[in-house]
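Subject: Structure handover

Hello,

Here is the structure you asked to take over. Please open it first, then read the notes below.

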Amino acid sequence: GGATGALCAQRFAEAGVDTVLISSEPVGYGMSSAALGIADYSVSGGISLLERKIGTDAAVRVFQMLRESVNRLEELCGSLAMPVETTRRDALQFTSDPRMGTAFRQEYLIERHNGFDVELIDSSEAMFDYSFELDTGLLCKNAVLEMNPYRFTQALVSDAAGRGARIYENTKVTKVYEEKDGVRLNCSTHFDICAKHVIYAYGAREAESMDISNTKTNFCLVTEPVQGFE
């Protein structure tokens with residue numbers, strides 16, 4: 001019942017697939033309601049870090065696909081019957097450590113060469129635009145799509161329901177049986193769901209409890225607008 005499950009349900013229903021979405025709690029009440037609501041293709045470390053693992057061509061393609069996905073998300077938000085308001089923002093990655101300047105310059109050249117709209121910022125320029133210490137920065141233009149994730153999830157599910165998808169909230173799967181022609185899901189509501197395929201759209205909490213992801217802690221600090229960072 002989160003954003004991922006809602007996206008799957010909306011796309012399958014749009015394609016005419018007989019679709020059922022079930023959620024152990026109300027739609028959008030899980031991690032999606034607490035998410036930052038930010039889709040960003042300027043991943044920390046950039047193409048430079050990724051190319052060491054998978055090669056330059058593949059790393060560039062990954063970033064291009066991330067950029068395409070952000071653009072497609074924006075188009076989807078505007079096309080839903082319950083439109084979701086979005087805002088495009090720039091993303092700033094920076095360091096206060098002069099030793100990191102070379103790495104930022106290399107990333108700037110790679111992204112610029114591959115058609116990404118980026119700007120390199122040095123300390124002399126930063127002092128006029130930013131109130132915090134910055135040695136080198138990379139400003140990625142329009143890299144971020146900001147939206148309300150709860151409203152986005154609700155709009156997707158509403159669209160899916162309008163296309164024939166069946167939505168069951170407060171319905172927890174207690175057991176999954178593999179059968180010859182598909183799967184059977186026992187539910188907490190004492191009904192079974194029979195399907196050819198099942199997609200598990202687990203949220204972060206479920207993934208951690210099932211030991212299928214590395215446990216990490218993220219912190220988000222929210223304040224009133226700050227005029228300076230002295």
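Helices (H or I, at least four residues) and strands (E, at least two) are DSSP runs, numbered from the N terminus. With that in hand, here are the ground rules. This is a predicted model, so local features need pLDDT of at least 70 and side-chain atom pairs count only at pLDDT 80 or more, while totals for chains, interfaces and linings use all residues. Residues are numbered from 1 along each chain as its sequence is written, and side-chain values use heavy atoms, with hydrogens and water left out.

**Overview**

The protein chain has eight helices and nine strands. Its C-alpha trace spans about 65 × 40 × 35 Å along the principal axes. Of its 230 residues, 30% are buried. Buried means under 20% relative accessible area, exposed means over 50%, and partly exposed lies in between (1.4 Å probe, protein chains only).

**Two loop residues**

Asn 170 sits in the loop between β6 (166-168) and β7. Its phi is near 50 degrees, a positive value in a residue other than glycine. Asn 170 is partly exposed, at 49% relative accessible area.

His 190 is in the loop between β8 (182-187) and β9 (192-195). Phi of His 190 is near 70 degrees, again positive in a residue other than glycine. His 190 counts as exposed, with 76% relative accessibility. Why look at such values? Most residues other than glycine have a negative phi.

**Second largest pocket**

This pocket has a volume of about 270 Å³. A pocket is found on a 1 Å grid over the protein atoms alone: it is an open set of points where a 1.4 Å probe fits, with protein on both sides within 12 Å along at least five of seven lines, and lining residues have an atom within 4 Å of a point. Grid points are joined across faces, edges and corners, and the volume is the space filled by probe spheres set on the points.

Which strands supply the lining? β2 (38-40), β3 (87-95) and β5 (136-146) each give at least two residues. β3 gives the most, with five. The lining includes Ile 38, Asp 40, Arg 89, Phe 94, Tyr 130 and Glu 146. By class, the lining holds seven nonpolar, no polar and four charged residues. Here Ala, Val, Leu, Ile, Met, Phe, Trp, Tyr, Cys and Pro count as nonpolar, Asp, Glu, Lys and Arg as charged, and the others, Gly among them, as polar.

**Salt bridges**

The structure holds 11 salt bridges. Each is a side-chain nitrogen of Lys or Arg within 4 Å of a carboxyl oxygen of Asp or Glu.

Arg 88 and Glu 74 form one of them, at 2.7 Å from N to O. Arg 88 lies in strand β3 and Glu 74 in helix α4, so the pair ties together parts that are 14 residues apart in sequence. Both ends are partly exposed: Arg 88 at 23%, Glu 74 at 29%.

Arg 61 pairs with Glu 68, with the closest N and O atoms 3.1 Å apart. Arg 61 is partly exposed at 38%. Glu 68 is partly exposed at 37%.

Arg 163 meets Asp 159 at 2.7 Å, N to O. Salt bridges that share partners join Arg 11, Glu 14, Asp 159 and Arg 163 into one network. Is Asp 159 buried or exposed? Asp 159 counts as buried, at 11% relative accessibility. Arg 163 is partly exposed, at 43%.

**Surface patch**

Val 173, Val 176, Val 198, Tyr 200 and Tyr 202 make a nonpolar surface patch of about 390 Å². Patches are made of residues with over 30% relative accessible area and no salt bridge; like charges are joined within 9 Å, and nonpolar side chains (Val, Leu, Ile, Met, Phe, Trp, Tyr) within 5 Å. Accessible areas come from the Shrake-Rupley method with a 1.4 Å probe, and for residues only the protein chains shown count as cover. Val 173 is in strand β7 (residues 173-179). At 31% relative accessibility, Val 173 is partly exposed.

Thr 136 is in strand β5. Thr 136 is buried, at 1% relative accessible area. From Thr 136 to Arg 99 is 37 residues in sequence and 9.7 Å in space, C-alpha to C-alpha.

Thr 56 belongs to helix α4 (residues 56-79). Thr 56 is partly exposed, at 42%. Thr 56 and Gly 37 are 19 residues apart in sequence and 30 Å apart in space, C-alpha to C-alpha.

Best wishes
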